[in-house]
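Here is a quick tour for anyone meeting this protein for the very first time. Have a look at the model, then read on.

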Amino acid sequence: MEKVRTTIVAVAGIILFFLANYLFRFLLGITGPLVSLILAALIALYMAFSLAKTLERVPTKEEKARFLWIYGGFIGALFVAFAGWLFLGEGLDAVTLATLVLHYLPYPALAHVCLSEGVMGRFLKNKGQ
């Protein structure tokens with residue numbers, strides 16, 4: 001049952017990734033690595049809060065690993081597909097590849113940081129536990 005809860009929160013993070021990036025990048029026209037960093041931080045904090053609320057405890061190492069593989073893996077697969085599309089269209093040089101990596105890395109890295117015991121403990125402390 002807790003695997004399902006963890007998966008649901010990871011899928012919610014993926015959906016937030018899509019919606020937030022669509023809103024900021026295409027509808028509002030705000031782009032750049034700073035936007036990726038801010039969005040990654042907000043999504044990671046939301047997922048940590050949701051996971052703390054759902055599990056009512058700090059997740060185990062296995063749950064963290066499963067969560068990060070689902071979330072980071074899916075977003076990573078999207079970035080690889082986008083890199084492939086760029087390669088087929090315009091060609092993929094080192095600068096483009098570095099830009100893609102800089103846009104991708106904050107998402108799983110900040111999710112990992114927010115799932116740490118310190119951050120999760122703060123969310124649980126606020127719940128009175």
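## Aromatic pairs

How many aromatic pairs does the count come to? The answer is nine aromatic pairs, and keep in mind that this is a predicted model.

Take Phe 67 and Tyr 71. Their ring centres sit 6.4 Å apart and their planes meet at 25°, so the pair is stacked, given that planes under 30 degrees apart count as stacked. Both residues belong to helix H3, where being four residues apart puts about one helical turn between them. In general, an α-helix has 3.6 residues a turn, so residues three or four places apart point the same way. Phe 67 is buried, and Tyr 71 is buried too.

There is also an aromatic cluster, made up of Phe 17, Phe 18, Phe 74, Phe 79, Tyr 104 and Tyr 107.

## The overall picture

Now step back. The protein has six helices and zero strands, so to speak in sequence order, the pattern reads α-α-α-α-α-α. Its C-alpha atoms fill a box of roughly 55 × 30 × 20 Å along the principal axes. Of the 129 residues in the protein, 35% are buried.

The UniProt record, an unreviewed entry, carries the annotation "transmembrane region" for residues 7–28, 34–55, 67–88 and 94–115. What does the model show for two of these spans? Residues 34–55 are 100% helix and 0% strand, with their end C-alpha atoms 31 Å apart. Residues 67–88 are likewise 100% helix and 0% strand, and their end C-alpha atoms lie 32 Å apart.

## Helix H3 up close

H3 takes in residues 61–89, which makes 29 residues. From its first C-alpha to its last it reaches 41 Å, close to the 42 Å expected at 1.5 Å a residue. Several of its residues are buried, including Glu 63, Lys 64, Gly 72, Ile 75 and Leu 86. After the helix comes Gly 91, with a positive phi near 95°.

Is Phe 79 buried or exposed? Its relative accessible area is 16%, so Phe 79 is buried, as buried means under 20%.

## The largest pocket

The largest pocket has a volume of about 510 Å³. It is lined by 14 residues, and the closest to its centre are Phe 17, Asn 21, Arg 25, Phe 79 and Phe 82. Helix H1 (2–27), H3 and helix H4 (94–104) are the elements that give two or more residues to this lining.

Which helix gives the most to the lining? That would be H1, with six residues.

One last stop is Glu 56, which lies in the loop between helix H2 (33–55) and H3. Its phi is near 60°, a positive value in a residue other than glycine. For context, most residues other than glycine have a negative phi. And is Glu 56 buried, exposed or something in between? With a relative accessible area of 45%, Glu 56 is partly exposed, since that term covers values between 20% and 50%.

Key: Residues numbered from 1 in each chain as written. Predicted model: local features only at pLDDT ≥ 70, side-chain atom pairs only at ≥ 80, totals over all residues. Heavy atoms only, no water. Expected span 1.5 Å × (residues − 1). Buried < 20%, exposed > 50% of the residue type's maximum accessible area, 1.4 Å probe, protein only. 1 Å grid on protein atoms, 1.4 Å probe; cavity = no way out; pocket = protein on both sides within 12 Å on 5 of 7 lines; lining within 4 Å. Points joined across faces, edges and corners; volume = space filled by probe spheres on them. UniProt positions renumbered as here; feature names shortened; annotations may be inferred. Phe/Tyr/Trp six-rings, centres within 6.5 Å; stacked < 30°, edge-to-face > 60°.
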